[in-house]
Amino acid sequence: MFCYFVNRHSFHFMKMLEFLGFNSFFWINVFLWLPVKLALLELKLEYGSLENYLEHCDEQRKRPNESA
């Protein structure tokens, strides 16, 4: 949803932010890192921590090899 908004209305959004006094370097940084931060937050909320997520991925990778 956020990516759709940014892709669809990015020019108008950037012009509005410049009008409000934010420089473009700040918003470039926000647009680059916000999706990453949101994805990490989603993983933390779903699995409790990033370590739990990595353990889950390791278990999923090991399961097909154990059955063979």
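**Figure 1. A search of the whole structure, which is a predicted model, finds 1 salt bridge, that is, a side-chain nitrogen of Lys or Arg within 4 Å of a carboxyl oxygen of Asp or Glu.** The partners are Asp58 and Arg61, whose side chains meet at 3.4 Å, taken from N to O. Because Asp58 and Arg61 stand 3 residues apart in helix H3 (residues 50–67), about one helical turn separates them. Asp58 is partly exposed, with a relative accessible area of 34%, whereas Arg61 is exposed at 56%; here buried means under 20% relative accessible area, exposed means over 50%, and partly exposed lies in between, with a 1.4 Å probe and protein chains only.

**Figure 2. The chain as a whole contains 3 helices and 0 strands.** Read from the N terminus on, the elements follow the order α-α-α; helices (H or I, at least four residues) and strands (E, at least two) are DSSP runs, numbered from the N terminus. Of the 68 residues of the chain, 10% count as buried. The chain exposes about 6100 Å², and carbon and sulfur atoms supply 63% of this area, which is computed by the Shrake-Rupley method with a 1.4 Å probe, and for residues only the protein chains shown count as cover.

**Figure 3. The largest nonpolar core is made up of 5 residues, namely Phe13, Met14, Leu17, Trp27 and Phe31.** Helix H1 (2–20) and helix H2 each supply at least two residues of this core, and H1 gives the most, with 3 residues. A nonpolar core is a set of buried Ala, Val, Leu, Ile, Met, Phe, Trp, Tyr and Cys residues joined through side-chain atoms within 4.5 Å.

**Figure 4. A nonpolar patch on the surface is formed by Phe25, Ile28, Leu32, Trp33, Val36 and Leu40.** Together these residues have about 630 Å² of accessible area. One of them, Leu40, has its place in helix H2 (residues 24–47) and counts as partly exposed, at 33% relative accessibility. Patches are made of residues with over 30% relative accessible area and no salt bridge, where like charges are joined within 9 Å and nonpolar side chains (Val, Leu, Ile, Met, Phe, Trp, Tyr) within 5 Å.

Figure 5. Tyr47 is partly exposed at 24%, and Tyr53 is partly exposed at 25% relative accessibility.

**Figure 6. Ser49 is found in the loop between H2 and H3.** At 18% relative accessibility, Ser49 counts as buried. A polar atom of the Ser49 side chain lies 3.2 Å from the backbone nitrogen of Asn52.

**Notes to all views.** Residues are numbered from 1 along each chain as its sequence is written, and side-chain values use heavy atoms, with hydrogens and water left out. In this predicted model, local features need pLDDT of at least 70 and side-chain atom pairs count only at pLDDT 80 or more, while totals for chains, interfaces and linings use all residues.

How values were computed. Polar contact = N/O pair within 3.5 Å; in protein donor to acceptor, adjacent residues only side chain to side chain.
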